Amino acid sequence: MISNGAIKNIKSLLVIICIAAVLTGCTMPEALDDYLQELGITDPDEYRVENGIVTTGSTDTSVSGISVEVIDNYFAATSDSADSAAESSSEQEKDNSKNINLTENELSDLGDVFSTLYAYNQLDEEEQKLYIEIYTILSTLDSDVVVSTKDKDVLAKVFNYVMQDHPEIFYVTGFTYSEYTLGDEVQKISLTGTYTYDEAEIAQRQREIDLYTAACLAGLPEGAGQYAKVKYVYEYIINSTDYVAGSDDNQNICSVFLYNKSVCQGYAKAMQYLLQQMGVECCLVTGTVVDSDGHRGGHAWDLVKIDSEYYYVDPTWGDASYQTSATDLDSNQRIPTINYFYLNVTTDELIKTHSISNDVPMPDCNSMVANYYVMEQEYFESCDTDMIKALFDRRLSDGSNNVTIKCSSSDVYQQIYDLLVTDRGVFDYISGEDHTVSYTMFKSQNTMIFWL
């Protein structure tokens, strides 16, 4: 096999031969064929460019002697109605690639910046270098840039990791690559981002995103800790966003920040973006969930780090507008505007309803310390009547419209249900002349809500 140095010499000699062909009057294809055959390359097409497109969908095809491969998107679109088509070029590509030219200091500096990002830290040293290269290409809207890997599968993997760490790259939907081979050996791969907007449009959208972010940050309580920041952003996004299938830009943050309408991936990326602005570590998570009809579909949510412990957060499932549009709730069943079932939950709790993809390996989240119900003293590990009274008193005094009780097990749930509902004990905790209390039970979640 010919060395990389020899390839450079071949290219220089090919230029000389091309000039000689013109001067002597011989046909260029014949001159090239003769020279390549002398080098032992019997097929003039053996040094070739293989082009690939990474976007939504999967199709394999072959055109004009160039192998054009279309592989799956860096992650499946997670809207209920995400349709996209893969496109490929049938024209022979010239070698217009360029080097990325990152210095060791630049690589080191960016590595320090990314050191708190979850997906980045799941990669080995060589993959982290590639991660920085891909980030640099995408953030500068560059194209046809040679990267440090020659493996298109590694390229797709690391691209996925970049996108799961960086919600601010809202203008990229995938990438194309060109694979340069000599015989069966890959010489290099270049990458081009699939950009949905030009620089001017990106800048305008970023200005609107900055305005939304500033308004959100302005309402954050001074001195808020990590739990308070996560809860604040969870509530802020839910209160300002409607779940609308088919909404514009629903796979990126623009849907939430510009239009206040989105689907799960928009919710999750918007939460990730805001938390990162507040200094809270957050990574996008993808997987699947089962809907009310038993159909499994793509879904996205977040992984957050609070005081050294990891938790899952699903802002989409916390929004009543999603619950009413995506489930078959009884029209008479009352639900809260914000549902806290999936605010800082463990892996065991999450996988009752969610399946986590293997795209980025996720940690085993096993802490309950920052779970919403624990922090708000609404989590019951026994039928503690003093704790129940304190909760009712607190909610009546703070003007809440409901009292929510989350139980640690089905046994505790049944004990408290028998006390408050079966034995009508709820009236011991509510004063006044109105002897009617409505409630909503979520038995599968071991949760009950009494409406005040």
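Modeller: Rings of Phe, Tyr and Trp (its six-membered ring) pair if their centres lie within 6.5 Å; planes under 30 degrees apart count as stacked, over 60 as edge-to-face and the rest as tilted. Ring pairs of this kind link Tyr212, Tyr232, Tyr236, Phe257 and Tyr273 into a cluster. This is a predicted model, where local features need pLDDT of at least 70 and side-chain atom pairs count only at pLDDT 80 or more, while totals for chains, interfaces and linings use all residues. Residues are numbered from 1 along each chain as its sequence is written, and side-chain values use heavy atoms, with hydrogens and water left out.

Biologist: How many aromatic pairs does the structure hold?

Modeller: There are 25 aromatic pairs. One of them joins Phe114 and Tyr120, with ring centres 5.9 Å apart and planes at 65°, so it is edge-to-face.

Biologist: Are Phe114 and Tyr120 buried or exposed?

Modeller: Both Phe114 and Tyr120 are buried, where buried means under 20% relative accessible area, exposed over 50% and partly exposed in between (1.4 Å probe, protein chains only).

Biologist: And what about the rings of Phe341 and Phe442?

Modeller: Their centres are 5.2 Å apart and their planes at 80°, so that pair is edge-to-face. Phe341 sits in the loop between α10 (320–326) and β13 (343–345) and Phe442 in strand β17 (residues 438–442), so the pair ties together parts 101 residues apart in sequence. Helices (H or I, at least four residues) and strands (E, at least two) are DSSP runs, numbered from the N terminus. Phe341 is buried at 9% relative accessibility, and Phe442 is buried at 14%.

Biologist: Which residue lies over the face of Phe341?

Modeller: Lys406 does, at 5.7 Å from the ring centre. A charge sits over a ring if NZ of Lys or CZ of Arg is within 6 Å of the ring centre and within 35 degrees of the ring normal. Lys188 lies over the face of Tyr180, at 4.9 Å from the ring centre.

Biologist: New topic. Where is Val280?

Modeller: Val280 is in the loop between α9 (264–277) and β10 (282–290), and is buried with a relative accessible area of 3%. Leaving aside neighbours within four places in sequence, Val280 is in contact (heavy atoms within 4.5 Å) with Gln226, Lys229, Val230, Leu275 and Lys305.

Biologist: What separates the C-alpha atoms of Val280 and Val304?

Modeller: They are separated by 7.3 Å, and the two residues are 24 residues apart along the chain.
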